[in-house]
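I opened the notebook to look up how this chain is put together. The sequence and model come first, then my entries.

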Amino acid sequence: MRNRTLSKIGTQLLRLRHDSSQSSQDGAAPADYGLDRRQVAEFVAGTLDAEGEAALAHQVARLLPFHWTWPNRVAEEMSQIMDHVGDQRELVAWLDGHPGLPRLVARLYVFMGLLDRYSAVPAVVTAMREYRERTPYPPGLEAYLVPATDDDTLASIAFKVEKLLGEERTREAVELALATAAWLQQVAPRARELTPEVGDLSELMGQARQDVQAAAADI
């Protein structure tokens, strides 16, 4: 994962997400999802070995899509982990250091952070709307877009990526992210015409696509 991509997102990646009918508050983590207390304590103390840290990263990655429904104990342990690494952005950087599910989840959350950043940017919304006047449903997004294009369109896709991760439909989450990134690369030149400040949108989406594809190859 490139530092430049990570630097473009905010530090609050674990946010309440929603679309027109559902919220990320709607689902709780399965009963077998949780954190190993000993591993958490040793990680925070700086004494956890590499094998234990990899196992802890996997546990964290599975829990992230349920961040608004964590029971108190899990929330406290996750708070300890985040305090140890720095913040939410540093948490995904830590996850990215562990191949497999942790790395893929980290890169998808960075991608969701980019969607949150651009979702309400007027030039991007206008460019998406103009594209959809010619092609109502971009390839791969037919099942995910509603007819209207507005400030919530990209945020709603971020919600759906997170929801798919929570349902362990990892491949579908990857495909949705890649299709969305490809679409945004196509609309980026028009968005840049409207507002030059969004000029790096195409490059960021290209980098995000490469990062997600590389991580998914290890799953």
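I began with terms: two residues are in contact when heavy atoms lie within 4.5 Å of each other. Helices (H or I, at least four residues) and strands (E, at least two) are DSSP runs, numbered from the N terminus.

Entry on the source. The model is predicted, so I kept its thresholds in mind: local features need pLDDT of at least 70, side-chain atom pairs count only at pLDDT 80 or more, and totals for chains, interfaces and linings use all residues. Residues are numbered from 1 along each chain as its sequence is written, and side-chain values use heavy atoms, with hydrogens and water left out.

Entry on the whole chain. I found ten helices and zero strands in the protein chain. Of its 219 residues, 49% are buried. I took buried as under 20% relative accessible area, exposed as over 50% and partly exposed as in between, with a 1.4 Å probe and protein chains only. Among contacts between residues at least 6 apart in sequence, 75% join residues at least 24 apart.

Entry on helix 8 and helix 9. Which residues of helix 8 meet helix 9? I listed Leu154, Ile157, Lys160, Val161, Leu164 and Leu165 in helix 8, which meet Thr170, Glu172, Ala173, Leu176, Thr180 and Leu184 in helix 9. By class, this contact has eight nonpolar, two polar and two charged residues. Here Ala, Val, Leu, Ile, Met, Phe, Trp, Tyr, Cys and Pro count as nonpolar, Asp, Glu, Lys and Arg as charged, and the others, Gly among them, as polar. Helix 8 (residues 153-166) packs on helix 9 at an angle of about 160°, with the axes 7 Å apart. That makes helix 8 roughly antiparallel to helix 9. For the wording, angles under 35 degrees count as roughly parallel, over 145 as roughly antiparallel, 65 to 115 as roughly perpendicular and the rest as oblique. Axes are lines fitted to C-alpha atoms, for helices over the stretch in contact, and angles run from 0 to 180 degrees between N-to-C directions.

Entry on helix 6 and helix 9. Helix 6 (residues 101-118) and helix 9 (residues 170-194) pack at about 40°, and their axes are 11 Å apart. On the helix 6 side I noted Leu104, Leu108, Phe111 and Leu115; the helix 9 side includes Ala173, Ala177 and Leu184. The contact has nine nonpolar, two polar and no charged residues.

Entry on helix 2 and helix 3. Helix 2 (residues 37-45) and helix 3 (residues 50-63) pack at about 115°, with axes 10 Å apart. That makes helix 2 roughly perpendicular to helix 3. Gln39, Val40 and Phe43 of helix 2 face Gly52, Glu53, Ala55, Leu56 and Gln59 of helix 3 in this contact. The residues divide into four nonpolar, three polar and one charged.

Entry on the core. A nonpolar core is a set of buried Ala, Val, Leu, Ile, Met, Phe, Trp, Tyr and Cys residues joined through side-chain atoms within 4.5 Å. The largest one has 71 residues, of which Val60, Leu64, Met78, Ile81 and Trp94 touch the most other members. Helix 9 gives the largest share, twelve residues. Leaving aside neighbours within four places in sequence, Ile81 is in contact with Leu35, Val40, Phe43, Val44, Leu56, Val60, Leu91 and Trp94.

Entry on Gln186. Is Gln186 buried, exposed or partly exposed? Gln186 lies in helix 9 and counts as partly exposed because its relative accessibility is 48%.
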